[in-house]
Amino acid sequence: MSIELLLVEDNPGDVQLTQIALEDSKISVNLNVVSDGVEAMAFLRKQENYTQVPTPDIILLDLNLPRKDGREVLAEIKADQILKRIPVVVLTTSGAEEDILKAYNLSANCYITKPVDFDQFVKIVHSIENFWFTVVKLPPE
């Protein structure tokens, strides 16, 4: 079984760190990446260039995105009758209380502040992987 993961991240360095962290995964993870909120919604709704993409099992969402920020994306996902079942893990640099509160008020499933240290970042991605891919029962498509 393969896990479909959508990473919504505009920082190429963080995308690369996530890819590196998932390389030694014990689980087969198919990582899809989009770099802004408009692309994220097109991907999730299978529009434009994304008509043949898989539905993600889980979404890692940065808050600070171009064109449409992560808060708007989260609100749209959770307002959609089909998409709202997909777990959304907010993975962002912001540790601001207002961002944390807003994310949970918008029904984020989890909020994680990105560490700046490489080893800590890898540890966080492994923790996400372990919890969401081996412990949690994800909803069927």
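Which residues line the largest cavity? Select Leu-5, Thr-18, Leu-22, Leu-60, Val-125, Ile-128 and Phe-133, and you have its lining.

Before you go on, note that this is a predicted model, where local features need pLDDT of at least 70, side-chain atom pairs count only at pLDDT 80 or more, and totals for chains, interfaces and linings use all residues. Residues are numbered from 1 along each chain as its sequence is written, and side-chain values use heavy atoms, with hydrogens and water left out.

**Stop 1: the cavity.** A cavity is a set of points on a 1 Å grid over the protein atoms alone where a 1.4 Å probe fits but cannot get out, and lining residues have an atom within 4 Å of a point. The largest cavity holds about 30 Å³ of space. Color its lining by class: you will find six nonpolar residues, one polar and no charged ones.

**Stop 2: the helices around it.** Now show α1 (12-23) and α5 (118-135), the elements that each give two or more residues to this lining. Helices here are DSSP runs (H or I) of at least four residues. The largest share, three residues, comes from α5.

**Stop 3: the crossing.** Keep both helices on screen: the axes of α1 and α5 come within 9 Å and cross at roughly 60°. Axes are lines fitted to C-alpha atoms over the stretch in contact, with angles from 0 to 180 degrees between N-to-C directions. For the contact (heavy atoms within 4.5 Å), select residues including Asp-14, Leu-17 and Ala-21 of α1 and Phe-118, Phe-121 and Glu-129 of α5.

How values were computed
1 Å grid on protein atoms, 1.4 Å probe; cavity = no way out; pocket = protein on both sides within 12 Å on 5 of 7 lines; lining within 4 Å. Points joined across faces, edges and corners; volume = space filled by probe spheres on them. Nonpolar A, V, L, I, M, F, W, Y, C, P; charged D, E, K, R; others polar.
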